[in-house]
Amino acid sequence: MKKIAILAMGMVLSGTAFAQEEIETAISGDVVSSYIWRGQDLGSVSLQPTLGVGYKGLSLTAWGSCGLTDPADTKEFDLTLGYTIGGLNIGVTDYWFNAGLDPDGRYFKYDAHGTNHLFEANIGYDFGFASLQWFTNFAGNDGINKDGKRAYSSYVEVVVPFKLSAIEWTATAGAVPFATDFYGTTGFAVTNLSLRATKDIKVTDSFSIPIFGQVVGNPCSQKAYLVLGFTLQP
């Protein structure tokens, strides 16, 4: 699942946005003290690389996560195709995990009742002062609702960026609107309240490393997390 921060601009992966007039590529890697996604704990210390290409609002991004300290942490590989025009963005993500319905963890197995893939669609709008994003699982290894049927698990969040004391901040509020065991909810529930701060640490005149800290609370599960990480990029 992704990701510590989700931006409703261009691609919704690792804060990479593409809206340029010529082909551009992006490569980066995050190292995080724990992998927290939409208020859920998905692993311990992790390496999370990103590779993307974009052209005139259309983008294709690959993102992954691999645990560095706990061999039991799930390995993840996601592909997202997105399009941005003005403040509007839409996208489709194929999530894959080495653990799931297929005990052998085969990537190229897409059987409806035995795949480790999950497919999610998103739509959002960036208002400048805030962004709103909606996500819905539509195929693959989704959760079930209270009736034992496919939940079409959904998640909606509001992200507000601001600057304070020369530090970039992001406040996020996210909720699950319907019952699903995918997010561990029995109905509407607030699952993600987070505040993240990012500051560039200058190493040389031409190279700096963004360091970020994040406090995350999940009122639904009654859990809270503190995350520290840094980003490496050319």
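The legends below describe several views of a predicted model.

View 1. Along the sequence, the pattern is β-β-β-β-β-β-β-β-β-β-β-β-β-β. The radius of gyration is 17 Å, close to the 17 Å that the globule rule gives for 234 residues, so the protein chain is as compact as a globular protein of that length. The C-alpha trace spans about 55 × 40 × 40 Å along its principal axes, and 45% of the 234 residues count as buried.

**View 2. A barrel is closed by 12 strands whose pairing is antiparallel.** The order of the strands around this barrel is E1-E4-E5-E6-E7-E8-E9-E10-E11-E12-E13-E14. On average, and with direction ignored, neighbouring strands of this sheet are turned by 20 degrees against each other.

**View 3. Strands E5 and E6 run antiparallel and are joined by eight bridges.** Strand E5 covers residues 58-67, while strand E6 covers residues 76-85. Ser65 has Glu76 in E6 as its bridge partner.

**View 4. The largest nonpolar core holds 11 residues in all.** Its members are Tyr35, Trp37, Trp63, Tyr95, Phe97, Leu118, Phe135, Tyr155, Val176, Phe182 and Tyr183. Strand E2 (35-37) and strand E7 (88-97) are the elements that give two or more residues to this core.

Definitions and conventions. Residues numbered from 1 in each chain as written. Predicted model: local features only at pLDDT ≥ 70, side-chain atom pairs only at ≥ 80, totals over all residues. Heavy atoms only, no water. Pairing = 2+ DSSP bridges. Helix = DSSP H or I, 4+ residues; strand = E, 2+ residues; numbered from the N terminus. Axes fitted to C-alpha atoms, helices over the stretch in contact; angles between N-to-C directions. Core = buried A, V, L, I, M, F, W, Y, C linked by side-chain atoms within 4.5 Å. Buried < 20%, exposed > 50% of the residue type's maximum accessible area, 1.4 Å probe, protein only. Rg over C-alpha atoms; globule rule 2.2 N^0.38 Å.
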